[in-house]
Amino acid sequence: MELAIIGLGKMGMNMAKRLIAGGHRVVGFARTKSTVDAALQEGIDGAYSLEEAVGKLTSSPKIVWVMVPSGEITTQTIVDAAALLNKGDIIVDGGNSNYKDTIKHAGLLEGKGIDFVDCGTSGGIWGISEGYSMMIGGEVEITEKLRPIFETLAPGKEKGWGRVGPHGAGHYVKMVHNGIEYGMMQAFAEGFGILKNKKEFGLDLAQVSHIWQYGSVVRSWLLDLAANALDEDTELENIKPWVADSGEGRWTVFESIDLDVPAPVITLALQMRFASRDEENYPARMLSALRNQFGGHAMKKAE
């Protein structure tokens, strides 16, 4: 099969390379010329505009896979791509769009007769070798049309991917997936933090991580990645304690509130990411000031 991938970030580029290795033809478009130039070196049929990318597709239906950041840029890319497509062509949103936006996109494309699939995609930089986990929302018939692509990208033909429901369901499941990921990552971070601070035992955290990789209840791919990081630098001295959030964790917490489903672990994990970015830490300053006011407790002065 052939398709155009719109957005050649790290994941988009790696997905394209995996598809090409699986026998598919991929046209790739990115906004920067240097990225398209690099794609050409990887065997991707590069395009320097969205119009050129769609125009290079020769089969029917034309398939456009969007891999750009969530928000307005995704909406605009879908609108622009739709203007270049015909009835029966297919747009796949493989990014991390908010599922509410995804439902709107599906409605917009339905009016134009263009088929749409939302594909929550997990795998990061390892997907090119390990395969991608894909959570798909949309019509069964359209999902089946795209089966050869999903089977190539997945860890196995019947592993790691599937249609989970109607339009929006794919991105919804991926959103909750990422919320769970927040909680798991926070638990590992806290656990290793406790181990590191037990100074009298002189624990080798890299060694501990490797012990846990076999037979342990907490063995997982995230633990494997923690082991990799600790092998490279046990003290993590070159990493600033600043953690971003890409949106899905927030949306998961919002959903838990809307649905009256308690999610304290995911919520606190998100809050800890906020805390990591607060260099001023005004709340902690206020706490110190209050202790001094009511009890005369000592305060550390800012340097």
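Q: Which helix is V79 found in?
A: V79 sits in helix α4, residues 72–82. Helices here are DSSP runs of H or I with at least four residues, strands are E runs of at least two, and both are numbered from the N terminus.

Q: Is V79 buried, exposed or partly exposed in this one?
A: In this predicted model, V79 is partly exposed, because its relative accessible area is 30%. Buried means under 20%, exposed over 50%, and partly exposed in between, with a 1.4 Å probe and protein chains only.

Q: And how far apart are V79 and E130?
A: They are 32 Å apart in space, C-alpha to C-alpha, and 51 residues apart in sequence.

Q: Before I go on, what should I know about the numbering and the model?
A: Residues are numbered from 1 along each chain as its sequence is written, and side-chain values use heavy atoms, with hydrogens and water left out. As this is a predicted model, local features need pLDDT of at least 70 and side-chain atom pairs count only at pLDDT 80 or more, while totals for chains, interfaces and linings use all residues.

Q: Thanks! Now E151: which helix is that in?
A: E151 belongs to helix α8, residues 147–153.

Q: Why does E151 count as buried?
A: Because its relative accessibility is 18%.

Q: What does E151 touch?
A: Leaving out residues up to four places away in sequence, E151 touches G156, K157, E158 and W161. A contact is heavy atoms within 4.5 Å.

Q: Switching to α9, what span should it have?
A: Helix α9 covers residues 169–197, 29 residues in all, so at 1.5 Å a residue it should span 42 Å. The expected span is 1.5 Å times one less than the number of residues. Its end C-alpha atoms are 43 Å apart, which agrees.

Q: Which α9 residues are buried?
A: Among them are A169, G170, H171, Y182, F188 and F192.

Q: Zooming out, how many helices and strands does the protein have?
A: The protein has 14 helices and 8 strands.

Q: What share of the residues is buried?
A: Of the 303 residues, 41% count as buried.

Q: What about contacts between residues 24 or more positions apart?
A: Those account for 64% of the protein's contacts with a separation of 6 or more.

Q: Last one: what box do the C-alpha atoms fill?
A: Along the principal axes, the box is roughly 75 × 40 × 40 Å.
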